[in-house]
Amino acid sequence: MSLDVLFNQFMSGIARGALLFLVASGLSLTFGVLRVLNFSHGSLYMLGAFLCYSIWAHLLLPALGFYLATILSALIMGAAGLLIELFLLRRLYNRGWPEQLLATYALILIITDLVKWRWGGEFLSIPRPKPFTGAIFLFDFPFPAYNLFVIGLGAALAVFLWWLVYRTRLGDIIRAAAHDREMVSALGIPIPWLFTWIFVLGSVIAGLSGAVAAPFGSVALGMDIEIIVECFAVVVIGGMGSLPGTLLGAFVVGQVYSFGIMYKPELALAFIFMVMAIVLIIRPWGIFGRPER
Amino acid sequence: MQAGWLKQAWWLILAAVVGILAPHIISEFYLMILGEALIMSIFALAFNLLFGYMGQLSFGQAAFYGLGGYTVAMLLTKLQFNFWLSLVAGILVAGIVGLIVGYFCVKLRGIYFAILTLAFGQLLFVIIYKWHDFTGGDDGIQGVFPPEALKAPISYYYFILIVFAASVYLLWKVVNSPFGYVLKAMRENPERTEFLGINIARYQLMAFVMAAALSGLAGALWAPFYRSVAPFHLMWVKSGEPVMATILGGSTTFFGPVVGTFLMTFLHAYVLGFTYFWPVIMGSFILVVIFLLPGGILGFAQEKLRERSFKAMTPEGRDQDAP
Amino acid sequence: MKRRVSKGGLALFALASVLVAFAQPGLLSAQDTIKLGAIWGFAGPCHMLSESAVKGIKIAVEEINAGGGVLGKKLELIVRDTEMKVDVGAREVKDLILREKVNFLEGPCSSGVALALQVIHSEYKVLRITTMANTEAQVVDKFSPYVVQIVPNTYMEAIAATRYLHKRYPKAKKFCTIAPDYEFGRREEAAFAEEIKRLVPEAEIVYEAWPKPGEKDFTSFITAIMAKKPDAVHSSLFGGDLVAFTKQAAPYGFFEKIPFMALYDLPVLLALGADAPDGVMGFGRGCFFMDPNPKMMEFAEKYRQLHGVYPDSWAVQGYDGVCLLKAAIEKAKSTSTEEVIKAMEGLSLDSLRGKFSIRALDHMGTVPCYQGVIAKDPKYPFKIWKDISRIPGEEVIRSEEGVREVWKKTGVVR
């Protein structure tokens, strides 16, 4: 197989990985701090995509419409996350994690019907925004400009989260809280509010990634279930709650899938879960994760 | 002593009587729902052996349920195998795969256990789904008929009822045996149990295999009941059903999963009769139970009863209770 | 002690009331309506298709009832949801048969669910008209006398599409396929492989891609296909998946380099808008623009006034299904299932998609298959097709000998 073909397949995997990272980073972040596995993260992503479509269709601004819609839907999803945290999760922190898990599972069901009711289950599409409509040539082979945009956004989000977690005071608290909750609250830092804002941030990321996914593919009912299991694979392989882990997990899943499609298309999907199971068997807490005490 | 036992178990007898008389009272459609609820109750009880008694949440239990169904379906349709032996084979296959999967899973705790079971469940789902030539892929397998004697809905219902009663009896014996006490002790305090020289992993593995085999039995019962199986039966969404049923009914009580399953199954059948907005109703129902009835319906009721009888023993309580 | 009794009494009362609520309704006197059970999937990718189908069915039912019904009886429509799950579908079809006591069934959406339902309603001897789920297994491999199919089956649809593809690109020899990995996709591609080798003996399929249904990222599939440098690509992607594929393939210059054919019907063209690639081949089952005969256009106008959109093929076929039922009942002069089935066999219907008839052997309708090339049309704000070809079902249906051959293998006796 010639080198340029391999390179192209590699780049396809990178694009897939970038989109997965966008979604999974929010999931990983909330898990790292709140220790809540948010099943409904995929539903917030789907809601973000549908919202982005509706706002875009309403604005009718050819050049800026999509970007504005993306920002707005991310913010709206942040507000939704605020409500979910305040009225739902906050009341469940003193209960077992299975109940928290089930509560977020209930949200999947509710949001599915919300979308069904509001958008009627139609599949929708947003054209790719300017200036990312065409292709860019890499080694004489076209590469969709929008994929580059997604990769760039994924990288930007990674840098932002890295800065937030490792270079700010909030980040110190986040990392400390992931280690030892009691210790942080003993220092006088209000844990509940930390949780709220982290969950809001996670929801903003979900909304943002949903909006970005809208011009990438199509917006349709069922995209929530589709993405969430793959996101689990990403965060589990990399290590739940670990930012570099999520980055690595997204890269691995993207590449395994991309080259799986090339050589053994019928098994590509199984490969992902095999990798996931192998990692879990050898290092249950993931490549970059820490064992739970 | 004997009378005391009767007092405790009057509702069991009542349930048995209702179960036996049901086909003569309710219509065929509701009889079928009842049969479905009984099968799913076995599934939920198997799940709760791990969750309620061992303290581990499995999110991949549907894989064993589906494997049981697939084994029966393939033996019956491809090899025209004996029905009873197929059922046994379904239990065995689920149990053996449970042994392999469980070997890796029982080393983990809490959410990591849940996720590893989810990963294995999805892996098995993808294998069944993608292995088109062997399993029929997405179409599943149709035409899975029970033997002539069990073809009529009433006879198959009685068959389910007997298997259900036997499973309940077996599980009841298990959780009230020394083995069951060790499981509970491990849930409460794993370090101390280990200290007592008990090999936690081996006990948990035994429980895991038991739950897998019982889930396989439920799937094996379902396939001839509705004449088909599909890969969906192994998917994580299906694994969520016993989780929901158990937490709704109450995981700390033996019959909680049964109560939860019955509520879910009948409510689902009823709601789909007039709207397709079932998920939002189910979702709200879950939230209501989680917030208003902590511990699940049966768990909450038991808690309240215990509080009341406790109050009745104290002087103020007795005063209140006096006419 | 007293409390215990009252608790027991309460439980007894609750149980009794439940039993009363679910008790046998008792046999009603002879029905004065004909009950049609519509069983569709209102979840995921099926939701939108099912909504359309029910809209089409409702129009037909209302028209028939306004005209005095069938044999003087009104049609009554009961809709149920399978949630796209086989177990829910199996239960709901039993609900329709046992509790609602429907006379006939129409649906469902997905082929896998259809096969699971087929076993059950055949056992209860209730006739189902299938107008969307189109796996050939319903009428051939797993034939049941209680099924009538009036959507081009996977075999007919793929054979017809392959002939169109071959006519436009007669020199193509090296092919790739990409299809959703389930019953429908697998059967379409198997029929494509069969037909293209008949048309071009040296034809070769160099790569088969099987994305899972619901896949939204096709980038890796696209680069893998382009790496094989095929002469043409046949696909049975549809719906939201095809929208995603089209948008992701376009920047690679995919559609300029490689002739491509897929299920570009109205909803896909609507969703894609200006992104729909001109000159790409589509196949379909009869959206309004594929067969603009007067009857179809009258229906399209009515539909548009009611729902604000043009009817897609799901609505058209749903409508045709009810009309077929009416014709058969009137021919049989009875609503008894067996007699309606007998009347169906060989029945010819003047439908929205022109004339077709039901083959007696396997109950497959000789419905037409449509192909065309995506193009702008000043009459509509969205893209439609040009160079439309309508291949009558008779030309592409599996021959009777062919059907019998399959039956020999699968053990169907008829």
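A nonpolar core is a set of buried Ala, Val, Leu, Ile, Met, Phe, Trp, Tyr and Cys residues joined through C-beta atoms within 7 Å, where buried means that 20 or more other C-beta atoms, placed from the backbone, lie within 10 Å of the residue's own. This is a predicted model, in which local features need pLDDT of at least 70 and side-chain atom pairs count only at pLDDT 80 or more, while totals for chains, interfaces and linings use all residues. Residues are numbered from 1 along each chain as its sequence is written, and chains are lettered from A in the order in which they are written.

**The core**

Select A:Ala49, A:Val236 and B:Ala218, the residues with the most contacts inside the largest nonpolar core, which has 352 residues. The largest share of this core, 20 residues, is supplied by helix α2 of chain B, residues 28-53. Now centre on B:Ala218 and leave aside its neighbours within four places in sequence: B:Ala218 is in contact (C-beta atoms, placed from the backbone, within 7 Å) with B:Ile39, B:Met40, B:Ile42, B:Phe43, B:Ala46, B:Tyr65 and B:Gly68.

**Chain A**

The C-alpha trace of chain A spans about 60 × 45 × 35 Å along its principal axes, and 57% of the 293 residues are buried.

**Where chain C meets chain A**

Bring chain C back and select the contact, to which chain C gives 33 residues and chain A gives 37 residues. On the side of chain C that touches chain A, at least two residues each come from α2 (46-66), β7 (204-209), α7 (219-227), α8 (239-249) and α10 (266-272).

**One helix pair**

Finally, select α10 of chain A, residues 243-263, together with α7(C): these helices pack at an angle of about 35 degrees with their axes 9 Å apart, the axes being lines fitted to C-alpha atoms over the stretch in contact, and angles running from 0 to 180 degrees between N-to-C directions. Displayed as side chains, A:Tyr257, A:Ser258, A:Ile261 and A:Met262 meet C:Ser220, C:Phe221 and C:Ala224.

Note on methods. Two residues are in contact if their C-beta atoms, placed from the backbone, lie within 7 Å. Helices (H or I, at least four residues) and strands (E, at least two) are DSSP runs, numbered from the N terminus. A residue is buried if 20 or more other C-beta atoms lie within 10 Å of its own, exposed if 12 or fewer, and partly exposed in between; C-beta atoms are placed from the backbone.
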